[in-house]
There are 2 protein chains.
Amino acid sequence: MPDAPSATRRSERARAAILAAAGELTRELPYAKLSIEAIAARAGVGKQTIYRWWPSKGAVVFDAMLELDSGPDGLALPNTGDIAADLRELLRGSVAALTDPGFESFLRAMYIEIQQDPEIGAAYRERLLLQRAAIADRLAAGVQSGELRPDLDFELATDLLLGPIQSRWSLGLGGLTEAYADAALTAALTYLKA
Amino acid sequence: MPDAPSATRRSERARAAILAAAGELTRELPYAKLSIEAIAARAGVGKQTIYRWWPSKGAVVFDAMLELDSGPDGLALPNTGDIAADLRELLRGSVAALTDPGFESFLRAMYIEIQQDPEIGAAYRERLLLQRAAIADRLAAGVQSGELRPDLDFELATDLLLGPIQSRWSLGLGGLTEAYADAALTAALTYLKA
């Protein structure tokens with residue numbers, strides 16, 4: 001039965017070509033100009049091949065973004081025993097990801113879709129909640145070690161740590177440097193520390 | 001010369017009808033489905049009438065949003081002499097605006113355009129910077145009265161106050177209540193206070 005495996009291989013090749021094309025075009029085009037037609041043309045497949053697997057361009061771009069990602073295992077925060085040092089890595093890493101030209105266009109595309117497509121919004125939030133759970137784990141360890149205040153609200157603490165960076169980025173206010181990340185951390189720690 | 005005034009009146013009427021139609025449709029439709037054609041049809045004008053005044057649907061929606069707004073004069077923060085009380089109004093007001101069904105769809109539309117249209121992004125930021133300048137004025141008064149720390153960085157302080165609320169909203173994380181606004185303020189004030 002040589003047919004089934006070779007059909008599977010063809011499917012896998014088409015899927016990979018579509019995700020690669022979506023990834024390239026997300027970096028090249030303003031998101032409003034990105035179309036399923038353009039992805040199909042670049043990938044060398046028909047539109048209907050894309051629609052067999054994805055309901056919308058946003059869904060393709062979301063999966064193309066996940067391909068770039070280290071996956072849920074990459075979300076865990078280090079625990080060096082120094083909460084300030086570990087959170088510094090988190091905030092500097094956020095600034096680096098949000099200002100990385102190769103990644104920023106995906107995140108802007110996702111921000112657009114979150115505002116308008118409830119399904120992609122839900123899928124993105126599911127991923128975001130994994131990241132936030134990983135942060136909460138590290139904060140909980142900091143509470144247990146006595147570095148952080150015992151009554152810490154992890155949701156609010158995460159917002160206080162990442163909200164300033166995220167909101168500057170999403171509003172296009174600029175100024176996202178390592179020095180800014182460190183200053184935002186110092187400010188948040190005033191509240192977080194025991 | 002009866003013609004010129006009546007042409008002006010016709011123009012004003014068409015402009016008002018376009019802004020009203022854009023406002024209605026922004027509330028009714030997902031932003032991706034909103035088109036210049038739909039605005040023109042609802043307003044009873046031709047597409048070319050819209051393009052005479054605005055380059056894109058985002059630009060029309062931006063102006064429609066400004067119509068709802070109290071204008072720059074409404075941006076000044078109260079100064080009751082109690083910085084915590086005045087900032088509490090600011091944060092509660094942000095939560096109220098972001099969760100107001102009549103206003104939220106405009107803000108989501110603007111968030112979409114900021115990510116993809118540099119011109120609308122710049123116009124929106126110009127407005128945002130007026131609001132941030134008004135907040136900085138109130139913070140400066142708080143520093144002068146000795147309520148806030150003398151070395152306060154107004155940019156960072158504004159991000160710390162509004163970033164948690166804005167980022168929860170833009171990521172669709174929910175939980176935006178008055179109680180959340182008050183908790184975010186308490187946390188931020190730990191750093192802001194002298």
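A residue is described here as buried when its relative accessible area is under 20%, as exposed when that area is over 50%, and as partly exposed in between, with a 1.4 Å probe and protein chains only. By this definition T26(B) is buried, because its relative accessible area is 4%. The model is predicted, and local features need pLDDT of at least 70, side-chain atom pairs count only at pLDDT 80 or more, and totals for chains, interfaces and linings use all residues. Residues are numbered from 1 along each chain as its sequence is written, chains are lettered from A and ligands numbered from 1 in the order in which they are written, and side-chain values use heavy atoms, with hydrogens and water left out.

Chain A contains nine helices and zero strands, where helices (H or I, at least four residues) and strands (E, at least two) are DSSP runs numbered from the N terminus. Along the sequence, the pattern of chain A is accordingly α-α-α-α-α-α-α-α-α. The C-alpha trace of chain A spans about 65 × 40 × 25 Å along its principal axes. Of the 194 residues in chain A, 48% are buried. Among the contacts in chain A with a separation of 6 or more (contact meaning heavy atoms within 4.5 Å), 69% join residues 24 or more positions apart.

When residues up to four places away in sequence are not counted, T26(B) touches L34(B), V61(B), S105(B), F106(B) and A109(B). The C-alpha atoms of T26(B) and G102(B) are separated by 9.4 Å, although the two residues are 76 residues apart along the chain.

The two chains meet at an interface in which 33 residues of chain B are in contact with 33 residues of chain A. The area buried between them is about 3100 Å², and carbon and sulfur atoms give 65% of it; buried area is the accessible area (1.4 Å probe) that two parts lose on being put together, summed over both. On the side of chain B, Q115(B), Q116(B) and L171(B) lose the most area to chain A, together 21% of what that side buries.

Across the interface of chain B and chain A, 16 residue pairs are in polar contact, both residues being at pLDDT 80 or more. A polar contact is a pair of N or O atoms within 3.5 Å; within protein, one atom must be able to donate a hydrogen and the other to accept it, and residues adjacent in sequence count only if both atoms are side-chain atoms. Helices α6 (101-116), α7 (118-144), α8 (154-170) and α9 (178-192) of chain B each give two or more residues to the side that touches chain A. Of these elements, α8(B) gives the most, with 11 residues. By residue type, this side of chain B divides into 19 nonpolar, eight polar and six charged residues. In this division Ala, Val, Leu, Ile, Met, Phe, Trp, Tyr, Cys and Pro count as nonpolar, Asp, Glu, Lys and Arg as charged, and the others, Gly among them, as polar.

A search of the whole structure finds 25 salt bridges over all chains, a salt bridge being a side-chain nitrogen of Lys or Arg within 4 Å of a carboxyl oxygen of Asp or Glu. Four salt bridges are counted between chain B and chain A. One salt bridge joins the side chains of R168(A) and E155(B) at 2.8 Å, N to O.

Within chain B, D86(B) and R138(B) form a salt bridge whose closest N and O atoms are 2.9 Å apart. This pair links distant parts of the chain, with D86(B) in helix α5 (residues 83-99) and R138(B) in helix α7, 52 residues apart. Both partners are buried: D86(B) has a relative accessible area of 2%, and R138(B) has one of 3%. A salt bridge is also formed by E24(B) and R42(B), with the closest N and O atoms 2.6 Å apart. E24(B) lies in helix α1 (residues 3-28) and R42(B) in helix α2 (residues 36-43), so the pair ties together parts that are 18 residues apart in sequence. E24(B) is partly exposed at 35%, and R42(B) is partly exposed at 38%.
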